[in-house]
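Trainee: I would like to learn how to read a model feature by feature. Where do we begin?

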Amino acid sequence: MIPVAFDYVRAGSAEEALAALGEHGDEAKLMAGGHSLLPMMKLRLAYPSVIVDIGRLSDLSYVNDGGDHIAIGALTRHRDIEISDMVKEHAPLLAHATSHVGDPQVRHRGTIGGSLAHADGAADHPSALLALGGSVVARSADGGERVIEGGDLFAGFLESSLSPTEMITEVRIPKHTGEGWNFQKFNRRAQDWAIVGVSAQRSNGSAKVALVNMASTPIRATAVEEALAGGASAADAAEQAAVGMEPSSDLNASVDYRNHLARVLTRRALQEAGIA
Amino acid sequence: MQRFAGSRPPGMDRLVEVSLSRRCDSEDSVQQSSTVTNLKGAPVEISVEVNGTSHSSDVEPRTLLVHHIRDAVGLTGTNVGCDTSSCGACTVHLNGEAVKSCTVLAVQADGQAVTTIEGLADGETMHPMQEAFMNCHALQCGYCTPGMVMASISILDENPNPTEAEVREGLEGNLCRCTGYHNIVKAVMSAAGGDQ
């Protein structure tokens, strides 16, 4: 319940945060809403020596019209994305997936940047990012900046491809105005992580499908996408949902059950989204 | 972290291995890290406004807001009911928004305004939500109740006329072992309907 002791630095700007990361390297962790990191610290599964609090960087909290995409500041709280008219109009999959994250109290604190940087294969946001073909902007302590495509952001189990001296500053979501979409989240109790989940997004005649909790990272269901591109029906394409996946077996579900859920939920998502 | 509830969680070995490898500069310090020695955490001075009154104190950075409220500020209406940010018994308002104070550090509340269950009543006059809970018998043991009331007020702040389904979804972050939620939902609907 009580985290291991740490030193605390409150950053007044992104530059200050990056300078702190530059100084402390991988001994430091950024904390935005803290609703992925703090629970781990309370269970002592994580014990960074230095916490760099970026929660007050309100100039990184925004939802802006970027022309062909929506630009969302990394510090934007889930609640603000959930109710954003711009997101609901141009990327409703993201607004909807966000509304399923945790519970209202969690959504008042958690941020999209924090969620993506946490790189949890069982979280809802990353699947929406992948299905929408989104990307993140990452700034580094040496002043550099790069754009990381969603598919390149998730390196391993709870491991993003960010270096210890980088932070996400913005999330870019291509607009999908009027395109079919669907989000499926299967769990047994309110506020639970998905046992298995699916994000499906139609885009200009093709579709992207991303799965939740079917591998150690957020992952695209490429076999399903290829089947759809080949003209398969929703039911037939969905039969490929477990191909290439490595779901874990745990207290909630066996590997077989997860594979089954992936197929059923993918079929539902594709049909609801009008994709096939 | 509730998906890890129960016995040793699947994936935890990998998680610990990853945590250790990230902290370590060299290979052989993996052995040394099996005992966590950490001289960090010098106290930080913070000032938090709680129910309208400013409280200044020195806190270790790792102090959770719920512990700060209960121990340093001395308001024990806010409860700790779990270890996993699930139960919501610790729910308070931070700058007017319902948050789980067990998943907020006291240092994050520095310079901010916190409202606890003790801050709702106006003298002897109960807040309408408190009165609705009383009238609808929305509590038995009362342990989840402060968090339920704070969360319920937040639901109505954001959605003044919710459907019953919206109330149930709005209370997803609060667990009750006694009541089965039925009367809690009635209380929130009653408060929304302005029956008070």
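Mentor: With one residue, A:Ser99, which lies in helix H5 (residues 92-99) of chain A. Keep in mind that this is a predicted model.

Trainee: Is A:Ser99 buried, partly exposed or exposed?

Mentor: Read its relative accessibility. The value for A:Ser99 is 22%, so the residue counts as partly exposed. Buried would need a value under 20%.

Trainee: Which residues does A:Ser99 touch, leaving out those up to four places away in sequence?

Mentor: A:Glu82 and A:Arg107. For a distance across the chain, take A:His125. That residue is 26 residues from A:Ser99 along the chain, and their C-alpha atoms are separated by 9.9 Å.

Trainee: Next, sheets. What is the strand order in the open sheet of five strands in chain A?

Mentor: The order is S4-S5-S10-S6-S7, with antiparallel pairing. Strand S4 (63-65) and strand S7 (145-149) of chain A each have a single partner strand, so one side of each is left without a neighbour in the sheet. From one strand to the next, the twist averages 25°.

Trainee: How many bridges join strand S5 and strand S10 of chain A?

Mentor: Five, in the antiparallel sense, between S5 (residues 69-73) and S10 (residues 166-174) of chain A.

Trainee: Which residues of helix H10 in chain A are buried?

Mentor: In H10 (residues 222-229), they are A:Ala223, A:Val224, A:Glu225, A:Ala227 and A:Leu228. Then ask what they pack against. For H10(A), the partners are strand S13 (206-212), strand S14 (219-220), helix H11 (234-238) and helix H12 (255-272) of chain A. Just after H10(A) comes A:Gly231, with a positive phi of about 95°.

Trainee: How should I read a positive phi?

Mentor: Check the residue type, because most residues other than glycine have a negative phi. In chain B, B:Asn95 has a positive phi near 50° and is not a glycine. B:Asn95 sits in the loop between strand S3 (91-94) and strand S4 (97-100) of chain B. Its relative accessible area is 45%, so B:Asn95 is partly exposed.

Trainee: Where is B:His137 found?

Mentor: In the loop between helix H4 (128-135) and helix H5 (145-158) of chain B. B:His137 also has a positive phi, about 50°, although it is not a glycine.

Trainee: What do S1 and S2 of chain B form?

Mentor: A hairpin, with two residues between the strands. B:Asn51, in the turn, has a positive phi of about 50°. Strand S1 (residues 44-50) and strand S2 (residues 53-59) of chain B pair in the antiparallel sense over seven bridges. In one of the bridges, B:Glu49 is partnered by B:Ser54 in S2(B).

Trainee: Last, cavities. How is empty space found?

Mentor: Rolling a probe the size of a water molecule over the atoms shows where empty space is left. Here the count is two cavities of 30 Å³ or more.

Trainee: Which residues line the second largest cavity?

Mentor: B:Asn79, B:Val80, B:Gly81, B:Cys82, B:Cys87, B:Cys90 and B:Cys102. This second largest cavity holds about 30 Å³ of space. Its lining has five nonpolar, two polar and no charged residues.

Definitions and conventions:
Residues numbered from 1 in each chain as written. Chains lettered and ligands numbered in written order. Predicted model: local features only at pLDDT ≥ 70, side-chain atom pairs only at ≥ 80, totals over all residues. Heavy atoms only, no water. Pairing = 2+ DSSP bridges. Helix = DSSP H or I, 4+ residues; strand = E, 2+ residues; numbered from the N terminus. Axes fitted to C-alpha atoms, helices over the stretch in contact; angles between N-to-C directions. 1 Å grid on protein atoms, 1.4 Å probe; cavity = no way out; pocket = protein on both sides within 12 Å on 5 of 7 lines; lining within 4 Å. Points joined across faces, edges and corners; volume = space filled by probe spheres on them. Nonpolar A, V, L, I, M, F, W, Y, C, P; charged D, E, K, R; others polar. Buried < 20%, exposed > 50% of the residue type's maximum accessible area, 1.4 Å probe, protein only. Contact = heavy atoms within 4.5 Å.
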